[in-house]
Amino acid sequence: MSRTVSSWILSSARSSFVLQGKGRWYSICIPNRNKIKWKLFFSKTCPYPSGSCSLDTTFSFPKAFRHTSTEEHFSFQLSPAQINDILRAGELSHRTLDFNGKNANSVLRFESNQLASNSPIEDRRSAATCLQTAGMMFGVFDGHAGAACAQAVSERLLHYIAVSLMPRQSLEEIELAMEAMKPVQPILQWHRHPSDVEYREITSQYFENLRVYWQHLLDLDTEPGFSLEEAMICAFKRLDSDISLEVQAPQENELMRNIALQVAFSGATACVAHIDGVHLHVANTGDCRAVLGVREEDGTWSTLPLTRDHNAYDEFEIRRLKREHPRSEEKTLFVNDRLLGILMPSRAFGDVQLKWSKELQHSILENSCDVEALNIYQYVPPNYHTPPYLTAEPEVTYHKLRSKDKFLVIASDGLWEMLSNEKVVKLVAGHLTELNMQKPPLTFKKPINLGYMHNLLLQRKSKGLASLDQNIATHLIRHAIGSNEYGEVDPEKLAAMLTLPEDLARMYRDDITVTVVYFNSETIEDYYRNH
């Protein structure tokens, strides 16, 4: 398939003076003879130069099948196999088994994927099993003004939650091991994609600050400790506080100082689910979203949202911010549906330029930055009178799982901008049905041997299973960027969306990160039978 990019893309690019941003920037398209020039205006975050807060110099990502030209006519050629390669590159899946090979966990498995729009991608994800306490955790983190804050939060937040949940005795044992310079038992078992990156240069500092946090918990001298809701709230707020303090601390190492600056002055929203047996807690800060797929007794599917988007469209958030600031600021808190006219989400990690006083910002930047860095970070929003305007405190929702609760979808707003809650649940449910229908029953003929079983499995695979996305997150992303007005995937549109130049791609789609957690209905039913 080789042709010029779809006319619906170019025509909208020519005719739209201001495009309602899918993410970070407004874009103003200015035709100039045969070329298109782009001026960047703020949309989702502060007016930093594009990519200035990201770690482009530290981490590089391949740019597969993507053009960088902004000329009006460019051609693309993607085979179905190449499209699949792009869509499936970030796939991650994990099935939960106990030591006997049977699943006694309420989490049956999870499947996850990402697709970049920004270069590099600003979204991050995390998944881990708690080793010192019970349960599993899944997180999606949507960065803005670069990937730095989302990267740091994805590495650290689950540890802060796990430490908040640990009993006092476990914390004391870890602290004694540290004092004796003995190995410390791991707190989490991570489930990561091979391409997931880490701030290895700063891992030791992150661990030291985590240690300061558990020392603080020991000083509280309270037993029992936090409830799960309290633990999640405390962990979110403490990590955001540490991000703020780390950039204020004197730092001789230039790399460490630059990372701390990038983390603090970029931002990230976060949605984390903690699942322990039938107990599901979801903590949300910002506009990522968690939705439960429920199969009713009559076989129909329903949707149960577990989060609210924290932005200017939410009445609760508007009232909260009005309570926290003088009446004289009511008209300037949200301008053009953005916090202070700049940021779309009204809760986020980092973004210290919306939390610190003007004096603190000036003092830190004067002492920490050279002239070039000052030009990047030194920015005071209009109508900035009574900070902080932004908080990382999450809203925590509790749900007791039932056997009819089949799966949980956690995703960044890049997915929800394209698909409604109901459409996402319908797609996951339909995918489950289609997978089951395409799996022919294994009919055994005696005697059974390994060669016979192998041939049966090859027959099953040859009957079309390879053409269906095995990973449900990939299936959702495919529909999010490739669906037509009838809800069907249009191959031409899908190819066009995947081959847009970088300076056009951000106008039509955001980074997308999706994690789908499937529940074990049998385990949930056993719980209710035994209780």
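At what angle do helix H2 and helix H14 pack, and how far apart are their axes? The model is predicted.

1. Helix packing. Helix H2 covers residues 80–88 and helix H14 covers residues 472–482. The two pack at an angle of about 115°, and their axes lie 10 Å apart. Angles of 65 to 115 degrees count as roughly perpendicular, and H2 is therefore roughly perpendicular to H14. The crossing of H2 and H14 is right-handed.

2. Residues in the helix contact. On the H2 side, the contact is made by Ile83, Asn84, Leu87 and Arg88. On the H14 side, Thr474, Ile477, Arg478 and Ile481 take part. By type, the residues of this contact between H2 and H14 divide into 4 nonpolar, 2 polar and 2 charged.

3. The sheet. In what order do the strands of the open sheet of 6 strands lie? The order is S6-S7-S20-S19-S13-S14, and the pairing is antiparallel. Strand S6 (92–95) and strand S14 (301–305) are the edge strands, each pairing on one side only. From one strand to the next, the twist averages 15°.

4. Strand S13 and its partner S19. In the strand order, S13 stands between S19 and S14. Strand S13 spans residues 289–295 and strand S19 spans residues 405–411; the two run antiparallel and are joined by 6 bridges. Arg289 stands opposite Ala411 in S19, and Val291 has Val409 in S19 as its bridge partner.

5. Strand S13 and its partner S14. S14 also runs antiparallel to S13, with 5 bridges joining the two strands. Here Val294 stands opposite Ser302 in S14. What do S13 and S14 form, and how many residues lie between them? They form a hairpin with 5 residues between the strands. In the turn, Gly299 has a positive phi of about 90°.

6. Burial of S13. Is strand S13 mostly covered or mostly uncovered? S13 is mostly covered, with 6 of its 7 residues buried.

Technical notes: Residues are numbered from 1 along each chain as its sequence is written. This is a predicted model: local features need pLDDT of at least 70, side-chain atom pairs count only at pLDDT 80 or more; totals for chains, interfaces and linings use all residues. Side-chain values use heavy atoms; hydrogens and water are left out. Axes are lines fitted to C-alpha atoms, for helices over the stretch in contact, and angles run from 0 to 180 degrees between N-to-C directions. Helices (H or I, at least four residues) and strands (E, at least two) are DSSP runs, numbered from the N terminus. Angles under 35 degrees count as roughly parallel, over 145 as roughly antiparallel, 65 to 115 as roughly perpendicular and the rest as oblique. A crossing is left-handed if the near helix is turned anticlockwise from the far one by less than a right angle, and right-handed if clockwise. Contact means heavy atoms within 4.5 Å. Ala, Val, Leu, Ile, Met, Phe, Trp, Tyr, Cys and Pro count as nonpolar, Asp, Glu, Lys and Arg as charged, and the others, Gly among them, as polar. Two strands pair if DSSP finds at least two bridges between them. Buried means under 20% relative accessible area, exposed over 50%, partly exposed in between (1.4 Å probe, protein chains only).
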